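Good morning, and thank you for coming. Today I will speak about how side chains meet in one protein model.

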Amino acid sequence: MHCQTTHTRNQNSANHVMLGCSAAASRLWRAVAAGSRTPLGGAATAARGGSVTHCCACCRRVASTGKESKDQKQQQQSSNKQQAKKQKKGNKQKDGSMFSDTLCLPQTAFPMRANAATREPMIQENCFKGVYEELAARDGPAFILHDGPPFANGNLHMGHVLNKALKDMIVRYKAIRGHRISFVPGWDCHGLPIEAKAVTSTSASSGTADASKPKGLTIASDPRRIRKAARKLAEGAIKEQKTDFVRLGVMADWDHPYLTLHPQYEADQVALFLRMMQAGMVQRRYRPVYWSPSSQTALAEAEIEYDEHTSTSIFVRLPLVVGDSLKRAITSSDGAANTAAAAATSTTPVNVSAVIWTTTPWTLPANQAIAVHSDLGYVLVQETKAGGDVMVVAEACLDRCRKFLPEGTTRIIGHIQGRELLDSSYRHPVWEGRTCPVFHADHVTSDAGTGVVHMAPAHGLEDYHACAANGMQIDLNLVDNTGRYTQDAGDALQGLEAMGAGGKKVLELLQEGNRLLQQEAFQHRYPLDWRTKKPIMLRATQQWFAQLQDIKHAALAALDNVQLVPEQGRTRLSSMLGLRDEWCVSRQRVWGVPIAVFCRDDTGEAHLSSEYVDHIVNVIATHGSDAWWTLPDDELFPEYMREPGVTYSKSADTMDVWFDSGTSWNAVTARAHGREATADVYLEGSDQHRGWFQSSLLTKITDDVTTGRTPTAPFKTIITHGFVLDEENRKMSKSLGNGVDPRIVINGGPNLKKEPAYGADVLRLWAASTAYQHDVNIGPSTLSITAENLRKIRNSCRFMLGNLADFSLETDAVSDLSDLDKYMLHRISQLDAGMRASYESYNFLRATQDLLNFINTDLSSFYFEISKDRLYLSSPTGASRRAAQTVVHHILDFVVHAVSPVACHLAEEVHHFRSGVDPSATKACGSLLQNSVWGDQFAGWQLPKAEAEAWEAVRDVRKRVFQHIQDARDAKVVTSSLDSEVTIRAARPLAQQLSRLQETPLYWDDSLLNAILMTSAVHVEEQASAAAAAVAGGEVASESVDVCVDVRASSRGKCPRCWRFMAVDNATPCTRCQRVLAGMPASSTPPTPATAAAAQ
């Protein structure tokens, strides 16, 4: 029904939660303002706080306190004046207030406003405590969500919120479906960022900070101080983050989290690592690794990122010492060109140079060879000036070399094959008097550069392998941990930053030696340390490497049995695994788990006896990894375990933090559920394809292989989410000031108008409403829209609670339902199946969209709109009202279950208010998850397909009728749908369906079709095709493809009780209202027209 005020067109508005306020609702609030009691019982209202459900804002008159605003008083005074005028003129028409005591008003103490900042913590205290422990111990199918540990550093950001909210939704859904859940939260406690803070704090506290020293992280002389400070920082961050996660409503085993700094966790990690070493799968080698001068440690591939960078590219000539093969190739070839070449090489061999190209000039001091490809064609190019030098480049690269060999200034004097250069040598570009070899390398091509490659095996992986294959000793590393040249680089370079001033000095040396042919700026993507965002280098050091060649195929095979959400993540993870042959697992840090081995000084071999391994694992389990730095060596490695006459050195390296978190399947899942247990879900950001997902899979497969088990992945499903951006798709940063603080979103900021206290449920609904597989956005507008959507759900629940105040399913439910009621149960069944499928596939966006669409379209603007008349105006215990209440009960039951994984606080609140309990004020009232299971209780109400499709056609007709009524209102033919008579002309199938509804009574003198269309009368006519639109005699007709609608004003009287135009005159209630009034107690029955006139 429509409120008889200004907002009469509410039927089709999906944005109004309680749309289409009926005439009954309008008078309902006037009745409350007058202090009237209803047939539902004022005592019950008072007992529950005296609050009344507001149908919509425009009909709201009074709050439970009975106080009126200034505007409300003025409106009331104006209304009284108008009524006095009518009475003065002798108008005897009854006003609706005469029947206010006869209305079945909604009654509930459920608050309209969430007041989330205050009420949510109370709900958590009273409803959430002890729930996880009970659900984790109950019978039911097991479900394990293994938490990827966030870094124990800093406060939560929106990325954390998105991650943990998604995880909690999954866990809560599985819990309400009856599963025995396992969700142990964890924290990654080691690593460089924490150590960097610890170094800063210990330096500041001891007064040792020296601004004059080079920037970078320096380990103090006593690593125990750093470890103590780092532990304190990590534990403090964990405490803060845990508080915020709990406030978000995350249900987990918060009393027993896993921390990578726990002694037992560290011991399990060391045991697994040493098993790998015993199996020969971890070896120590001197070779190039990604090295971060800014962090002073080796990095894994997962710890680097790429960004645009400007380097200096140079072409350099390297004078050849011409070998016999090159001489023969020149002299044996016919032609003037080669004759000239022979003459040149015989007289001035020093002037024959190979030309190399590089973008890392700073590596030239470490040059040890140049490489060519044996099967590649090369040319000898001579400068045309007298005594011009001869230069060797690949023929296919000649055009590229025109930068320093312009046409007209050079000539080609010979052609050779790369193999003919192999017995030549060359003079070093920096070190005078040093001669270096030329050899073949498979990786040399003509795709870039000159076809002659500068080899610095200390700074290039391909260089390293090629030099090692040619029997070269790899020992020329001239750069220290901070990225500066060592004293071995010579006085001119010592102490200079290799990638800064040192590189420029190298260019000066090349220029002085007449070796530099050309230099220019070169823009390319360059690897950066993902923590410091500064360039890294390849640098040869002694490191521990996990060998992956033999296990990566097993890892890829295991991945075939894993579900990835979204599926495209499989390609990314598989490609990374396929390209990875080894993993540098050592780091040069002190805040981490030690590589707990002692190595022989003579051979470098690690002592790995079973006796030692068992001993050191037990030491770490007892004392924690601090023991490696605090206990004497003879306690860590007792003398009786050592070989006589052999000296040992203790490893100073720690493990890569990805190895820490990557073994959590062993320290958490396997320890809690058995070695064969597999987590159902791993859920993290998409960057973890190169991080935690990969390290977890590799460590699990490696351990399976070393222990003789069938290689299997530690997870059944991998889910990834994107990054959180602002509303302009920008990354959040302090410099931009565009960050969103979760605490302020939940609790509000200093200015609550600008930064409202939205509460945790709004953040949770935001997370559920995102296409989280991609990058997602958040900001003021997004939060406002999300809060409005949550308000719609809340007010819909409030409306249902208010109309179920006098209803008990056990005593009041009816089974004889109207077709409309059965259709709504059908819609619940449909939605139940769809939302469960969405939750099962982790598609929270579809689930929330379906629920909001159901509330807006099926409830607010359809079923609630139609049913308000029955709920407010029918007999309190009549079959028609009880039928509507029965359906509303089932709808509310479904909505509570469906929304509980997302808006968990709202679900608990509604669940408890159904039994008259305010969970924010009642201690230990338990949880919905303990008392209810979302099973198949909503699955048995589906209609046959043809009947369901017929109802969709009816709803389409309803939309069209409402539009035509609006047209009639615009034409001043009718004032609302209530005083409209509608004639519908339709083709046979639809006309028959409408006629059947027209012939079906909803109650007494009303038909089901009339109630659906909310008109005074409906006529259905069958026709072969829709008639042409016409306007005549006070009618408005309109035509569509298959339906023609005529709208005219009703000639019947307006019922003074229900305001519908179904009475004989304006003073007499309609038949339905008369029968309801006849069944009312005498105190609730209004005076008849005759007695009312007599009283006046």
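This is a predicted model: local features need pLDDT of at least 70, side-chain atom pairs count only at pLDDT 80 or more; totals for chains, interfaces and linings use all residues.

Glutamate 308 belongs to strand 7 (residues 304-321) and arginine 525 to strand 16 (residues 516-529), so the pair ties together parts 217 residues apart in sequence. Arginine 525, at 51% relative accessibility, counts as exposed.

Why can such residues pair at all? Side chains of opposite charge can do so when their charged atoms come close. In the model as a whole, the count comes to 56 salt bridges.

Let us turn to another of them. Lysine 174 and glutamate 840 form a salt bridge in which the closest N and O atoms are 3.1 Å apart. Lysine 174 is found in helix 6 (residues 158-176) and glutamate 840 in helix 26 (residues 819-840), so this pair ties together parts that are 666 residues apart in sequence. Is lysine 174 buried or exposed? At 9% relative accessibility, lysine 174 counts as buried, whereas glutamate 840 is partly exposed at 34%.

A further salt bridge joins arginine 730 to glutamate 728, with 3.7 Å between the closest N and O atoms. Here arginine 730 is partly exposed, with a relative accessible area of 32%, and glutamate 728 is exposed, with 57%. Salt bridges may also share partners: Arg275, Arg675, Lys700, Asp703 and Asp704 are joined in this way into one network.

I now move to the aromatic rings. How many aromatic pairs does a search of the whole structure find? The search finds 30. Phenylalanine 315 counts as buried at 2% relative accessibility, while tryptophan 357 is partly exposed at 24%.

A second example, phenylalanine 894 with tryptophan 934, is edge-to-face, with 6.2 Å from centre to centre and 80° between the planes. Phenylalanine 894 is buried, at 0% relative accessibility, and tryptophan 934 is buried with a relative accessible area of 0%. Both residues belong to one aromatic cluster, whose members include Tyr173, Tyr839 and Phe854.

Rings can also meet charges. The charged end of arginine 642 sits over the ring of phenylalanine 598, 5.7 Å from its centre. Lysine 1054 lies over the face of tryptophan 1059, at 4.4 Å from the ring centre.

The largest nonpolar core has 212 residues, of which Ile616, Tyr863 and Ile891 touch the most other members. Helix 27 (residues 844-873) gives the most to this core, with 14 residues. Leaving aside neighbours within four places in sequence, isoleucine 891 is in contact with Met800, Met824, Ile828, Phe854, Leu859 and Tyr863. A second, separate core has 58 residues, among them Ile356, Trp362, Tyr378 and Tyr485.

Thank you for your attention.

How values were computed
Residues are numbered from 1 along each chain as its sequence is written. Side-chain values use heavy atoms; hydrogens and water are left out. A nonpolar core is a set of buried Ala, Val, Leu, Ile, Met, Phe, Trp, Tyr and Cys residues joined through side-chain atoms within 4.5 Å. Buried means under 20% relative accessible area, exposed over 50%, partly exposed in between (1.4 Å probe, protein chains only). Helices (H or I, at least four residues) and strands (E, at least two) are DSSP runs, numbered from the N terminus. Contact means heavy atoms within 4.5 Å. A salt bridge is a side-chain nitrogen of Lys or Arg within 4 Å of a carboxyl oxygen of Asp or Glu. Rings of Phe, Tyr and Trp (its six-membered ring) pair if their centres lie within 6.5 Å; planes under 30 degrees apart count as stacked, over 60 as edge-to-face and the rest as tilted. A charge sits over a ring if NZ of Lys or CZ of Arg is within 6 Å of the ring centre and within 35 degrees of the ring normal.
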